[in-house]
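This report concerns the protein chain shown below. Please keep the sequence and the structure at hand while reading.

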Amino acid sequence: MKRRDILKTISMLPLAGSLAPISSVFAAPKPKRNVFTELGLRTFINAAGNYTAMSASLMPPEVMEAINQSATEYVMLEEVQDKVGAKIAAMCHAEAAMVTAGCWSAIVLGTAGVITGKDPDKIKKLPNLSGSGMKSEVIIQKAHMVGYEHSVTNTGATIIAVETAAEAENAITENTAMMWFLNREAPSGKITHEAWLQIARKHNIPTMIDLAADVPPVENLWKYNDMGFDLVAISGGKAMCGPQSTGILMGKKELIAAARLNGPPNGGNIGRGMKVNKEEIIGMYVAMDAYIKRDHQKEWKMWEDKIAYIDNSIKKIPGVTTEIVIPPVANHNPSLMIAWDSQKIRLTKESLGEKLRKGTPSIETISWEKDNSIRITVFMLKPGQEKIVASRIKEELLKNSAS
Ligand SMILES: *Cc1c(COP(=O)(O)O)cnc(C)c1O
């Protein structure tokens, strides 16, 4: 019977409806619904890391509890932002804070707030800045322009790219709205955080820093507020394990108030589409609180132990070399680079990545960096998964050894 025919037959069965009460009498426990199998979704062990496309991180139980609980009552969204914002601001040494729809939207709303202030007429005009009288230029280091600055230009602002401190200072005009800094690229830019702030302060220009993936270390949550950035934007769903679609904008009280006017629940503005629901706002608060209270030293040691376990199970395979790599700024946690001699092991980075992806269970690794190597992280693994990752990588390296 074809599927279509089966469906037709079922729909014609006269008994179909009357069967329902009988089954409820017997009340057999319903098998638990599995949305992954129902949707035919591939789930995987995440040995790659905190990648947006891989759904970033998993929310811990206390965050899920907060989300479930906050789904049971009505509250005023502005009040949720007020209360949660005050808690987050206190935790991060900021004057004020708000939960946004990701770090990207934190940058859009923050930039919009800097440009419009609290003026309703100006808020209505964004992103049409020309002839509006609003300041429209944002100064950014060339090395910091790796794509995320599109969140700045979403507001209608234009970028003035500079390389040296002298250039940055020369670029300041009466049309300068803000100076933006991408923390991840701090090591590749010529101007340090302190020099950037000094120039901005001298000319009274507001500053913003993008910290998206830059915890750990946990201290980064307050370091840049303490340092004097007027606005700090960070992702909520990366290492902090909040809802993936959240972020935080924190900083000066007046700028946060202006940013909020540019976003939901207010309408007729550039940010109305960047809605965050109460469950996510509250979930973010609980995630940050839990993240700050974690034993970070113990967690780091656990990551090192897992990396060592995987390293020890594969490093003696002929032709294989391993190296522990710790990214200095973003995604700062120990990772393992696994490289091989292509004469001894017949694999490319892509083919090993694909074999691990297609295996059971499916495993995602970083398989797009250097040739004849993959890189793995352990900070997104569930307990015990390091053993599976180690044995699968070992299996594939041995299976494809040319001996
Ligand atoms: C992830 C990321 C963003 C965007 O953050 P979302 O929370 O996904 O909106 C912005 N900047 C940098 C450097 C990032 O890594």
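Is R392 buried or exposed? The model is a predicted one, and in it R392 is buried, with a relative accessible area of 8%.

R392 forms a salt bridge with E396, their closest N and O atoms being 3.1 Å apart. The two residues are separated by about one helical turn, because they stand 4 residues apart in helix α16 (residues 385-399). E396 is buried, at a relative accessible area of 5%.

E396 also meets the side chain of K399 in a salt bridge, at 3.6 Å from N to O. K399 lies 3 residues from E396 in helix α16, about one turn of the helix. K399 counts as exposed, with 57% relative accessibility.

## Other salt bridges

The count comes to 25 salt bridges. One of the pairs joins E299 and R294, with the closest N and O atoms 2.7 Å apart. Here E299 is buried at 14% relative accessible area, whereas R294 is partly exposed at 26%. A network of salt bridges links R42, E354, R357, K358 and E364.

## Domains and their contact

The chain is divided into domain 1 (59-293) and domain 2 (296-399). Their contact takes 11 residues from domain 1 and 7 residues from domain 2. The C-alpha centres of the two domains lie 34 Å apart.

About 780 Å² is buried between domain 1 and domain 2, and carbon and sulfur atoms give 72% of this area. Between these domains the count is 0 salt bridges.

## A nonpolar surface patch

V35, F36, L39 and L41 make a nonpolar surface patch of about 400 Å². L39 belongs to helix α3 (residues 35-39) and is exposed, with a relative accessible area of 61%.

Note on methods. Residues numbered from 1 in each chain as written. Predicted model: local features only at pLDDT ≥ 70, side-chain atom pairs only at ≥ 80, totals over all residues. Heavy atoms only, no water. Patch = residues over 30% accessible without salt bridge, like charges linked within 9 Å, V, L, I, M, F, W, Y side chains within 5 Å. Areas by Shrake-Rupley, 256 points an atom, 1.4 Å probe, with all protein chains shown as cover. Salt bridge = Lys/Arg side-chain N within 4 Å of Asp/Glu carboxyl O. Buried < 20%, exposed > 50% of the residue type's maximum accessible area, 1.4 Å probe, protein only. Domains from an automatic or database assignment. Contact = heavy atoms within 4.5 Å. Buried area = accessible area lost by both parts, 1.4 Å probe.
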